[in-house]
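Please consult the sequence and the structure shown below while reading.

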Amino acid sequence: MKSVKILLSSLTFLLLWLLAGCNLPEPGPPPPLPPTPTATQMPLIPSIGPEFPVVLPTLPPVSRGVFTLAVLVDLNSEPVTRDQARSLVTEASQILFVLTDFTYQMVDFQETRNVSGMDQMVSDYLAGSPATIPNGIIIFSFGDDNRAKLYGGYSFSHPGPGGFQNAFQSPYAPEGSVYIAVIHFGHRFSQCGYGDSDTPVSSVSIDGECRNQSGIACVPKNGYQMCSNAVDDLYASTPTYFAAATFVHEIMHPFGPGGDRDHYWTRECTASMATGVSRRPYNSLTFDQFESNSYVEMCPFVFDNFVNSYQPTVSVPTVTPTAPVIFSIPTFTFSKNAFCRKGPSVAYEDVTAFLQGQSVQIDGRNQDEPRWWWVLIPASSGHCWVSDSTGSASGPLDGVKVVSAPPLPPSPTPTATPLPPTPTPTATPKK
Ligand SMILES: [Zn+2]
């Protein structure tokens with residue numbers, strides 16, 4: 001079962017990273033299985049697929065920074081094309097943007113044959129004096145010992161060339177590291193009825209498929225047989241969503257301290273979140289499959305580590321930006337730091353805050369002027385209200401529904417609450 005496999009995929013990460021170059025230890029026992037979700041929820045992250053015709057060039061969301069990636073293709077495993085790679089980077093970039101306001105950018109693409117291991121592939125690439133030393137490298141491959149084929153992906157870090165400083169310096173990785181993720185591009189999320197075969201051998205799940213439940217009906221989705229209890233998962237929403245989410249997951253791992261213990265809803269994750277290390281929504285009481293998928297199975301605080309690691313002064317982008325990601329949904333972009341409130345006026349208490357340059361999805365508006373927007377809180381299913389005066393709305397606004405205001409709190413705050421401070425390059429407040 002692949003969402004277990006994604007959890008497993010980094011069991012060895014910490015060791016790998018500390019003992020770069022050593023042989024990989026075998027993965028340990030699997031963590032407890034999450035319960036089957038009871039309700040279907042709408043995907044949080046907009047997908048550019050057949051269900052969302054993309055025609056709105058009005059709002060290029062403002063990226064807070066770009067994480068550059070070189071893409072290496074191991075032709076002995078999978079012949080991933082440049083277009084496929086670019087498309088997957090775009091899909092992963094949308095996931096990253098929703099979670100962090102950062103985006104990915106592919107700055108190089110190379111195909112290789114006869115590779116003698118993933119680490120060697122990285123060494124060879126860096127020894128070839130690429131025009132830009134990227135922040136990270138994605139290798140499309142089955143991986144050393146087919147590890148990526150088995151789990152979907154895994155990650156490690158590799159020393160950059162002498163003098164290289166990564167603009168995303170993880171507090172846990174050696175200075176000047178380049179972050180590497182090995183990804184099985186064609187991985188079938190929640191495949192059903194395959195066993196160890198490349199073609200279906202059963203019409204029901206076998207051999208630990210479908211969250212370790214045998215006998216679950218297989219249904220066609222995304223071009224293969226999928227577990228019927230997984231077809232509504234966020235990860236099944238596009239044929240490549242799993243690969244994109246794995247991509248984000250793996251390249252995020254170096255920014256957590258604990259390897260597999262940094263996964264969503266581990267005991268360590270829940271303990272860390274309870275300390276208030278992150279303001280991101282987190283359901284510590286019951287395993288929330290949708291929330292887990294929305295965080296690409298990582299503990300929420302790791303994304304804060306990633307954001308806070310950014311030191312833009314150490315790296316000057318030397319490449320021409322590609323076309324920005326375009327969303328086909330109503331979107332609000334903040335021109336200043338702003339609170340988001342329980343209702344459409346400053347009389348309501350704040351629920352969370354957004355930073356200048358952040359973008360959020362608009363799901364409703366108030367009836368009267370002045371205009372307030374009812375926006376989706378990223379990586380959650382919750383909403384709050386933002387004043388139109390704190391930024392600009394764009395996208396298909398005509399269809400935005402009117403949402404009625406909740407009752408005012410009994411004793412409204414008499415004075416306006418000051419906004420959070422504008423971030424400086426050296427001290428970035430947590431979201
Ligand atoms: Zn992992």
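Isoleucine 139 has valine 182, in β5, as its bridge partner. The model is a predicted one, in which local features require pLDDT of at least 70 and side-chain atom pairs count only at pLDDT 80 or more, while totals for chains, interfaces and linings use all residues. Residues are numbered from 1 along each chain as its sequence is written.

**The sheet**

β3 and β5 run parallel and are joined by 5 bridges. Strands here are DSSP runs of E with at least two residues, helices are runs of H or I with at least four residues, and both are numbered from the N terminus. Two strands count as paired if DSSP finds at least two bridges between them. Strands of a sheet pair through backbone hydrogen bonds, either parallel or antiparallel. β4 and β5 pair in the antiparallel sense, over 7 bridges.

| Residue | Opposite residue in β5 |
|---|---|
| Glycine 153 | Isoleucine 183 |
| Serine 155 | Alanine 181 |

The open sheet has 5 strands in the order β2-β1-β3-β5-β4, with mixed pairing. β2 and β4 stand at its edges with a single partner strand each, so one side of each lacks a neighbour in the sheet. From one strand to the next, the twist averages 25°.

β5 is mostly covered, with 7 of its 7 residues buried. A residue is buried if 20 or more other C-beta atoms lie within 10 Å of its own, exposed if 12 or fewer do, and partly exposed in between, with C-beta atoms placed from the backbone. Ser177, Tyr179, Ala181 and Ile183 are buried on one side of β5, and Val178, Ile180 and Val182 are buried on the other.

**Helices**

Helix α3 (residues 82-100) lies across β1, β2 and β3 and runs at about 155° to β2. Helix α7 (residues 241-252) packs on the sheet, where it touches β3, β4 and β5, and its direction makes about 150° with that of β5. Such angles run from 0 to 180 degrees between N-to-C directions, with axes being lines fitted to C-alpha atoms, for helices over the stretch in contact. Two residues are in contact if their C-beta atoms, placed from the backbone, lie within 7 Å.

In helix α4 (residues 118-127), the buried residues are Met118, Met121, Val122 and Tyr125. They lie on the same side of α4 because they cover an arc of only 95° around the axis, the arc being that of the directions from the helix axis to the C-beta atoms. Gln120 and Ala127, on the other side of α4, are exposed. Just after α4, serine 129 takes a positive phi of about 50°.

**Cores and confidence**

A nonpolar core is a set of buried Ala, Val, Leu, Ile, Met, Phe, Trp, Tyr and Cys residues joined through C-beta atoms within 7 Å. The largest one has 72 residues, of which Leu69, Ile137, Phe247 and Val248 touch the most other members. Another core, of 17 residues, lies apart from it and includes Phe339, Phe354, Trp373 and Leu376.

The chain has a mean pLDDT of 81, and 77% of its residues reach 70 or more; pLDDT is the predictor's confidence in each residue, from 0 to 100. Over residues 315-327, pLDDT stays under 50, and the model has 25 contacts beyond four places in sequence for this stretch.
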